Amino acid sequence: MRHDMSAQLVSIILPVFNEAENLRLLLPALFENLERLNRPYEIVVVDDGSTDDTANALRDLSRPGLRVVFLRRNAGQTAALMAGIHSAKGDVLITMDGDLQNDPVDIAPLLSRLDEGFDVVSGWRANRRDAAIRRNLLSRLANKFISAASGIHLHDYGCSLKAYRRSALQGVNLYGEMHRFIPIYAYWNGARVTELPVRHHPRRHGVSHYGLKRIPKVFLDLLVVVFLHRFGQRPMYVFGTVGMLSITVGAIAGAAAIYYKYFGHKSFIETPLPLLFVMSFITGAMCFLMGLLAELLVRTYYESQNKATYAISDGSAGETGVAFRSTDLPSVAARGPR
């Protein structure tokens, strides 16, 4: 099913940090490729507190269709990306890096996939031009782990080149380093997600802003994302389960302590069982109380904003609201009716 989006404004979002030399090459190439599309467009560059000549480069490259958002300090890629999404005016959003590793030529294929009826098209750097072990190997392992935890199987969550319908991002707010999880948020909200192999070039100027320190951040952010999705509206399920397990351990420890007292001829002070009994019961009671407080907070969060706990389809995905997950096909993430 095709959707004619030729009249919709396309917003290209570029979060950049110290990319002056790359921008001088990227923006002219970007404008050239966008002109060939024959569709309205804008480019939104978010300067994430750059300390080099990025601001001057953007002023030199200023022209109609280019808008720049200057952040007062370096807030990180996720915050810069959200600033670009909020500032963009288009119904179609395309995000990409400003380091010349993404190719503007791939914008047209991404838009074509959106035109086929998908809500999110994620780029897949099938021939990634980065360090083999420090970047590529670790990235593959991380992608497999994220796919297993989230239930949506993509080859490359870290690729910044992605295309979205704005409606797929309604209600999505990102924190920390969660920008790579946008397809997961959209998928869980009923969006149809696919991926497309894209070009990837070696970095020409500057240095990468990614390092090994991002690995624990990705793991912790994924833990938060999965928790909020599965238990964000029912936190008692988590706290209550832990509380019941803790009380069960306490009950077993207490029963064992009594058994040893009367049948094993060991006093309470000779074993750690009474201490384990007390600590387990206290921990269990605290978990139940925290669960109740969390339930109150969740209800306050939704009811104070008149925020619904469900999302209604806008009809763009068909009457059945079908979502997709990846199959064995290299470029499609498909899932049947839920």
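Residues 316-338 of this predicted model have a pLDDT (the predictor's confidence in each residue, from 0 to 100) that stays under 50. For this segment the model has 59 contacts (heavy atoms within 4.5 Å) beyond four places in sequence. The protein chain averages a pLDDT of 83, and 85% of the residues score at least 70. Residues are numbered from 1 along each chain as its sequence is written. Local features need pLDDT of at least 70 and side-chain atom pairs pLDDT 80 or more, whereas totals for chains, interfaces and linings use all residues; side-chain values use heavy atoms, without hydrogens and water.

Beyond four places in sequence, I184 touches I146, S150, I152, Y157 and V225.

Strand β5 (residues 120-124) is largely enclosed by the rest of the structure, because five of its five residues are buried. Helices (H or I, at least four residues) and strands (E, at least two) are DSSP runs, numbered from the N terminus. V120, S122 and W124 point one way from β5, while V121 and G123 point the other way. Strands pair if DSSP finds at least two bridges between them. Three bridges join β5 to the antiparallel strand β6 (residues 162-165), where A163 stands opposite V121. Five bridges join β5 to the parallel strand β7 (residues 193-197), in which V193 is the bridge partner of V120.

Key: Buried < 20%, exposed > 50% of the residue type's maximum accessible area, 1.4 Å probe, protein only.
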